[in-house]
Amino acid sequence: MNYGRAAVAALVATLVYYMVGFFTEGWLFRGDFAPYSAVYRSSDTVMRYIPLGMVFSFVGAFVVAVIYARICSGNGLIEGVRLGALIGVFVACVFVGTNYVVLNIGGKLALKQAAGSFVQWTLVGVVIGLIYRPLSAAAR
């Protein structure tokens with residue numbers, strides 16, 4: 001396993017994660033958060049926490065890149081889609097699903113967040129798969 005390649009893949013994946021997140025939560029369904037202003041931070045306050053969020057996202061993407069490097073050995077794109085989709089389902093269930101149970105938010109917002117998380121993490125997996133690219137069996 002190559003930690004440098006994993007870090008580069010994680011860095012690019014983090015950027016993609018934020019671009020997709022801005023498109024979905026920041027643009028497509030931004031208004032769906034308004035009824036839950038007592039639950040979520042204001043946009044201005046969130047902006048102060050973005051650097052911390054980027055660190056957390058990078059660490060998460062790095063973990064996914066390490067998992068990719070450890071278990072994926074085929075086509076980078078296909079393996080990336082598979083791993084990213086699995087992580088996307090995981091996040092949709094344990095993060096979004098749990099937040100729906102604990103936070104006072106509506107089902108429509110939770111479904112949109114789950115779909116957005118699935119797409120985000122699938123694309124993160126694709127980026128990691130394309131950048132990290134598993135070594136061929138002969139090179140291992």
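Which residue lies over the face of Y132? In this predicted model, local features require pLDDT of at least 70 and side-chain atom pairs pLDDT 80 or more, while totals for chains, interfaces and linings use all residues. Residues are numbered from 1 along each chain as its sequence is written, and side-chain values use heavy atoms, with hydrogens and water left out.

The residue over the face of Y132 is R5, at 4.1 Å from the ring centre. A charge sits over a ring if NZ of Lys or CZ of Arg is within 6 Å of the ring centre and within 35 degrees of the ring normal. R41 lies over the face of Y49, at 4.1 Å from the ring centre.

Aromatic rings of Phe, Tyr and Trp (its six-membered ring) pair if their centres lie within 6.5 Å; planes under 30 degrees apart count as stacked, over 60 as edge-to-face and the rest as tilted. By this rule, there are 8 aromatic pairs. The pair of Y68 and Y132 is edge-to-face, because the ring centres are 6.1 Å apart and the planes stand at 75 degrees. This pair links distant parts of the chain, with Y68 in helix α2 and Y132 in helix α4 (residues 107-132), 64 residues apart. Helices (H or I, at least four residues) are DSSP runs, numbered from the N terminus. Y68 counts as buried because its relative accessibility is 1%, and Y132 counts as buried at 4%. Buried means under 20% relative accessible area, exposed over 50%, and partly exposed in between (1.4 Å probe, protein chains only).

Helix α2 (residues 43-71) also holds F56, which counts as exposed at 56% relative accessibility. A separate aromatic grouping is the cluster formed by Y3, F58 and F62.

Conventions:
Helices (H or I, at least four residues) and strands (E, at least two) are DSSP runs, numbered from the N terminus.
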